Amino acid sequence: MRDTKHLIAPLLAAALLAACGGDDAPRLPPITLDGLAATGAAVAGKVVTIKCAAGDAATTTTDSRGAFRFELTAQGMPCMLEVDAGGSMGKLHGFTVNSGRVNITPLSSLVVARALRANPSTAFSNISAAALNSANDNI
């Protein structure tokens, strides 16, 4: 009987640890972003790229009205977006700190430039979580 008591505790502990799944990675809430890329006219058929403080970059394409949607599961806020509008407008940028609506326009690009205190196109290519958080503080 004495030997059985000593086996029960380790077996119970092993069973409890196995039930945990062993995945220590933090779970980020899903992010859904809807937006519009426009310069006065729709920025249609263009690739929108999003980079967030946590997670990998993702892309989607605008529709004929310039609308786009991201459904992200592994990214953490804040996030910066970029679309190449082409022509004289070049690359436009947006910024968001939560799910919902985010537009990419010449005006949003000016706000992002002010928040980053840098050229958004240059900053976007190597954006870091620290830079995104700093921009969030400056908005």
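Helices, of at least four residues, and strands, of at least two, are DSSP runs numbered from the N terminus. With that convention, the present model, which is a predicted one, can be read along its sequence as α-β-β-β-β-β-β-β-α-α-α.

**Overview**

Begin with a cartoon of the whole protein chain, coloured by secondary structure.

**The disulfide**

Select Cys 52 and Cys 79 and display their side chains. Their sulfur atoms lie 2.0 Å apart and form a disulfide; a search of the whole structure finds one such link. The torsion about the S-S bond is 105°, and the link is right-handed. Which elements does the pair tie together? Cys 52 belongs to strand E2 (residues 47-54) and Cys 79 to strand E5 (residues 76-84), so the bond joins parts that are 27 residues apart in sequence. Are the two cysteines buried or exposed? Cys 52 has a relative accessibility of 8% and therefore counts as buried. Cys 79 is likewise buried, because its relative accessible area is 0%.

**Further along strand E5**

Remain on strand E5 and select Val 83, which lies in this strand. With a relative accessible area of 1%, Val 83 is buried.

**The salt bridges**

Select the charged side chains next; three salt bridges are found in the whole structure. Start with Asp 34 and Arg 69, whose closest N and O atoms are 2.7 Å apart. This pair links distant parts of the chain, with Asp 34 in strand E1 (residues 31-36) and Arg 69 in strand E4 (residues 67-72), 35 residues apart. Asp 34 is partly exposed at 26% relative accessible area, and Arg 69 is also partly exposed, at 41%.

Glu 71 is exposed, having a relative accessible area of 57%. Through shared partners, Asp 34, Arg 69 and Glu 71 are joined into one network.

Then move to Arg 65 and Asp 63, whose side chains meet in a salt bridge with an N to O distance of 3.1 Å. Arg 65 is exposed, with a relative accessible area of 58%, whereas Asp 63 counts as partly exposed at 27%.

**Aromatic rings**

Select Phe 68 and Phe 70. The search of the whole structure finds one aromatic pair. How are the rings of Phe 68 and Phe 70 arranged? Their centres are 6.0 Å apart and their planes meet at 70°; planes over 60 degrees apart count as edge-to-face, so this pair is edge-to-face. Both Phe 68 and Phe 70 are buried.

For a contact between a charge and a ring, select Lys 51 and Phe 124. Lys 51 lies over the face of Phe 124, at 4.6 Å from the ring centre.

**A nonpolar surface patch**

Finish with Leu 107, Leu 110, Val 111 and Ile 139, shown as a surface. Together they form a nonpolar patch with about 430 Å² of accessible area. Ile 139 is found in the segment after helix H4 (129-138), and this residue is exposed, with a relative accessible area of 57%.

Notes: Residues numbered from 1 in each chain as written. Predicted model: local features only at pLDDT ≥ 70, side-chain atom pairs only at ≥ 80, totals over all residues. Heavy atoms only, no water. Disulfide = S-S within 2.5 Å. Buried < 20%, exposed > 50% of the residue type's maximum accessible area, 1.4 Å probe, protein only. Patch = residues over 30% accessible without salt bridge, like charges linked within 9 Å, V, L, I, M, F, W, Y side chains within 5 Å. Areas by Shrake-Rupley, 256 points an atom, 1.4 Å probe, with all protein chains shown as cover. Salt bridge = Lys/Arg side-chain N within 4 Å of Asp/Glu carboxyl O. Phe/Tyr/Trp six-rings, centres within 6.5 Å; stacked < 30°, edge-to-face > 60°. Lys NZ or Arg CZ within 6 Å of the ring centre and 35° of its normal.
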